[in-house]
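Have the sequence and the 3D view open as you read.

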Amino acid sequence: MVRNKDFVARYAFYPLIHAVIKERRFKLNQVHPERGKCHSFKKPDGSVKHNSKKRPLHYATHLDAIIFGYYSEIIIEKYEEYLKTVPGLSECITAYRQIPTGVDGKNKSTIHFAHESIEEIKSLTAEMECVVLKFDIKSFFNEIDHDMLKRQWADILGESRLPDDHYNVFKGVTRFSYVMRDDFRIDKKSHGRRAGFDEQKLSKLRKKRIHAFFESPKEFRDAVKSGELKLHKFPFWKDGKPVGFPQGLPISATLANLYLLKFDEDIFQNIVKIHGGFYRRYSDDIIVLCRPDVADFVEDYIRNAIQKCKVVISDEKTERFLFRYGILAKGERVLQSIKIKSDGTHHIGYPFTYLGFEFYGDKTLIKSANLAKFYRRMIRSTKTKAKRAVQAAKKIPGRPLKIYRNQLYRLYARYPLSAGQLSTRIKFWAKNAKGEYFFKTKSRSAKHNSNYLSYAHRASQTMNEPAIQKQINKHKKILFFAMSKHIKREINRNL
């Protein structure tokens with residue numbers, strides 16, 4: 001059905017489901033920088049500024065997602081063919097692509113991309129001083145120009161204009177409407193703990209083998225017409241017209257790469273090939289390695305080139321690093337990471353951060369903020385399980401406390417992953433005696449999925465960096481301490 005061009009050309013896409021992911025961030029206090037980093041700070045007017053980042057995501061219905069995914073594959077095939085026509089360009093674009101490692105049959109990850117960039121810094125610095133320019137495109141997905149995207153889309157297909165089916169998919173991505181996921185909740189709260197969904201209604205729908213909020217398209221349309229469900233349109237605007245497209249669709253990442261194809265080729269042809277630099281772009285993160293004498297020219301060129309795509313570089317996230325060899329007090333020669341701030345001052349020992357890693361010159365570590373996030377998640381899970389264990393024990397006197405230590409251990413402390421047996425519960429449709437469908441579950445043996453420890457060990461091995469393993473040496477101690485602490489706290493609270 002999705003391969004039928006006439007069907008897709010006439011297809012009416014459903015509104016997307018909109019949700020916001022809130023990411024907690026530990027950033028410098030803008031009012032009192034001398035106090036260092038914080039999660040929030042009080043502004044001069046008395047209001048509180050939170051450093052958390054809100055990331056809007058949009059999800060498509062099942063059939064819509066299949067259509068977007070199918071047309072994404074068509075574009076990817078054409079995109080990859082074009083990259084092959086420019087030798088060396090393919091290595092410059094790393095995000096949202098399947099790039100084989102060439103060793104184990106798997107594809108490269110951010111570990112490999114960060115490692116390759118760090119190794120290139122070491123290689124260039126062996127001959128001369130090396131400058132690393134780091135850029136971030138401001139609000140990339142939200143700022144993309146629709147007309148430019150449409151032209152690039154047609155160009156990659158080898159057409160003067162988009163075929164009808166592609167044009168309808170283009171409209172589904174750029175002229176979309178959406179409903180808020182929170183509007184499906186029983187009680188629409190704007191603050192505090194949010195209410196759940198109507199599980200009784202969802203259960204009835206599941207008995208009919210319908211895995212959705214509505215039984216039929218007509219019920220959905222009636223909910224919109226009656227005002228029960230509010231329909232929103234075009235969340236991103238610039239200069240009086242809609243721009244951008246949503247993150248979260250199966251085609252979003254593909255279109256993001258496609259949109260910057262001409263920019264990538266421009267930088268590769270006019271910077272890398274002429275000035276002997278090194279260019280990598282991972283989505284909206286850009287780095288360029290070059291000689292110190294051309295650093296100003298390269299930065300200006302990139303800023304001007306990106307403006308042709310009608311997006312801009314974020315000034316506050318632009319960074320410049322100088323890598324050179326220095327002599328320590330003991331006479332040892334060591335590679336130094338030096339951050340050059342906007343006022344021209346040099347800060348030795350400031351790490352170059354890229355794709356979740358910090359490169360100090362003499363060692364590479366996992367980004368400290370990412371490691372802190374892992375430990376916060378670990379402690380939060382432990383706290384939740386301790387609270388539930390005590391509440392369950394209160395309901396049934398004499399019941400032992402069950403904190404499910406094995407689950408916590410498997411998620412946050414087990415390595416290697418193959419240690420111990422692992423099972424999972426799977427859901428499948430079944431029919432009862434009345435002919436109603438319902439979800440049935442059963443247990444089966446499962447593969448050991450990756451956890452953060454396996455990621456850290458994989459990074460340590462890939463980068464040949466023992467310092468990364470040392471970062472996670474205390475993970476078991478932190479987990480067991482958190483278990484003991486929160487069990488005791490919950491017991492004392494409920495005495």
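Asp 145 is buried, with a relative accessible area of 4%; here buried means under 20% relative accessible area, exposed means over 50%, and partly exposed is in between, using a 1.4 Å probe and protein chains only. You will find Asp 145 in the loop between H4 and H5. Helices (H or I, at least four residues) and strands (E, at least two) are DSSP runs, numbered from the N terminus. Leaving aside residues up to four places away in sequence, Asp 145 touches Lys 241, Tyr 259 and Lys 310, where contact means heavy atoms within 4.5 Å.

A word on the model: it is predicted, so local features need pLDDT of at least 70 and side-chain atom pairs count only at pLDDT 80 or more, while totals for chains, interfaces and linings use all residues. Residues are numbered from 1 along each chain as its sequence is written, and side-chain values use heavy atoms, with hydrogens and water left out.

## Two lysine partners

Side chains of opposite charge can pair when their charged atoms come close. The cut-off for a salt bridge is a side-chain nitrogen of Lys or Arg within 4 Å of a carboxyl oxygen of Asp or Glu. Lys 241 and Asp 145 form such a pair, at 3.3 Å from N to O. Because Lys 241 sits in strand S11 (residues 241–242) and Asp 145 in the loop between helix H4 (140–143) and H5, the bridge ties together parts that are 96 residues apart in sequence. Lys 241 counts as partly exposed, at 34% relative accessibility.

Asp 145 also forms a salt bridge with Lys 310, with the closest N and O atoms 3.9 Å apart. Lys 310 lies in the loop between helix H11 (295–307) and strand S14 (319–327), so this pair links parts that are 165 residues apart in sequence. Lys 310 counts as partly exposed too, at 41% relative accessibility.

A search of the whole structure finds 18 salt bridges. One of them joins the side chains of Arg 320 and Glu 299, at 2.6 Å from N to O. Arg 320 belongs to strand S14 and Glu 299 to helix H11, so the pair connects parts that are 21 residues apart in sequence. Both Arg 320 and Glu 299 are buried. Through shared partners, salt bridges join Asp 296, Glu 299, Arg 303, Asp 315 and Arg 320 into one network.

## Helix H2 and its cover

Helix H2 (residues 62–84) has 23 residues and reaches 33 Å from its first C-alpha to its last, close to the expected 33 Å; the expected span is 1.5 Å times one less than the number of residues. Its buried residues include Phe 68, Tyr 70, Tyr 71, Ile 75 and Leu 83. Among the elements covering the buried residues of H2 are helices H1 (5–10), H5 (146–157) and H6 (164–174), along with strand S12 (278–282).

Cys 309 is buried at 6% relative accessibility.
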